[in-house]
Amino acid sequence: MKTKMAHAMRMELANAVRDRYATAANKDKRRILEEFIAATGYHEKSAIRVLNSSSKPKRRQSRQPPSIYDEAARGALIVLWEASDRVCGKRLKALLPILLPALERNGHLKFDEEIRHKVLSMSGATIDRLLQMPRRTGRTKKLRVVPEPRRRIKMRTFADWNEPVPGSMEMDMVAHCGEVNRGSYVQSLVLTDIASGWTEIVVREGTLVVETLERIRLGLPFALTAQDVDNGTEFVNNCHGHGIELTRSRPYRKNDQAWIEQKNGAVIRSSSAIGASKACQRPERSRVSTEHPGCS
């Protein structure tokens with residue numbers, strides 16, 4: 001039955017026996033070898049090789065090819081990278097034959113012929129590798145500054161309503177500008193009640209949010225108790241007062257206002273171009289209730 005011994009224990013035993021085995025006579029070497037084989041379970045040839053080897057571990061030598069591009073070439077590449085507005089390596093590779101002669105022709109740079117040849121012979125992958133450290137150190141984290149009026153308003157997600165009573169509404173502004181957001185155009189102010197699905201649509205100019213909202217509030221069949229808006233300044237700066245709870249959605253999370261976005265798609269944006277043109281000519285106001293037919 002062979003004895004099972006861990007590799008580390010075998011090495012400890014070999015280090016303890018090795019010096020005695022090296023200085024012993026041939027008769028004693030045979031006895032030491034047999035005892036070592038019986039303890040470790042080595043084959044005879046393997047045991048002899050282990051006891052005759054050195055106790056110091058061999059260092060693994062890694063072959064590293066010499067670098068072709070020295071610090072001077074790397075510094076010249078960084079200068080050209082900054083001059084190209086920090087483009088990626090592949091684009092900089094294609095730009096170097098045009099950029100470098102232009103800078104030298106206008107007296108901005110003057111490189112030695114050896115450095116010039118090295119820079120122009122770099123591949124796109126080599127350029128990215130040499131620019132790893134400048135990219136890492138030059139990358140600054142942009143801080144998003146939230147305006148004070150927006151910080152004072154509590155944030156609400158789509159899962160925070162918890163079955164509200166009628167009077168809790170989501171509000172949004174829909175622009176009738178087509179694909180070009182420029183010049184003067186009409187905007188629709190849309191309010192949707194979470195509990196009943198009651199929807200108010202008022203076509204008004206964007207600057208009249210306060211006046212329009214007050215008219216809607218007085219005409220509702222229930223008391224307006226809560227408003228959830230997006231992060232637009234027309235809502236954040238103006239929609240306060242009358243004891244109405246004001247909350248806002250998370251930036252760039254349209255699903256937080258799922259109810260109003262559904263109405264925007266089903267009622268507002270699905271309107272025909274003829275209806276949109278009539279709305280631009282004469283401001284209108286309409287009520288829509290589609291979720292609960294019993295609500296009038």
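Mentor: The model is predicted. Strand S5 covers residues 226–229, and strand S6 covers residues 245–248. Four bridges join the two, and they run parallel. S5 also pairs with strand S2 (residues 168–176). That pairing is parallel too, over three bridges. Here Ser-168 has Ala-226 as its bridge partner in S5. Now the side chains of S5. Ala-226 and Asp-228 point one way, while Gln-227 and Val-229 point the other way. All four are buried.

Next, the helices. In helix H3 (residues 44–52), Ser-46, Ala-47, Val-50 and Leu-51 are buried. They lie on the same side of H3 because they cover an arc of only 130° around its axis. The buried residues of H3 pack against helix H1 (7–23) and helix H2 (26–40). The face turned away from that buried side carries Lys-45, Arg-49 and Asn-52, which are exposed.

Last, helix H4 (residues 71–83) and helix H5 (residues 89–105). Their axes come within 10 Å and cross at roughly 95°. H4 is therefore roughly perpendicular to H5. From H4, the contact uses Leu-77, Leu-80, Trp-81 and Ala-83. From H5, Leu-92, Leu-96, Leu-99, Leu-100 and Leu-103 meet them. By class, the contact has nine nonpolar residues, no polar ones and no charged ones.

Terms used
Residues numbered from 1 in each chain as written. Predicted model: local features only at pLDDT ≥ 70, side-chain atom pairs only at ≥ 80, totals over all residues. Heavy atoms only, no water. Axes fitted to C-alpha atoms, helices over the stretch in contact; angles between N-to-C directions. Parallel < 35°, antiparallel > 145°, perpendicular 65-115°, else oblique. Contact = heavy atoms within 4.5 Å. Nonpolar A, V, L, I, M, F, W, Y, C, P; charged D, E, K, R; others polar. Buried < 20%, exposed > 50% of the residue type's maximum accessible area, 1.4 Å probe, protein only. Pairing = 2+ DSSP bridges. Arc of directions from axis to C-beta.
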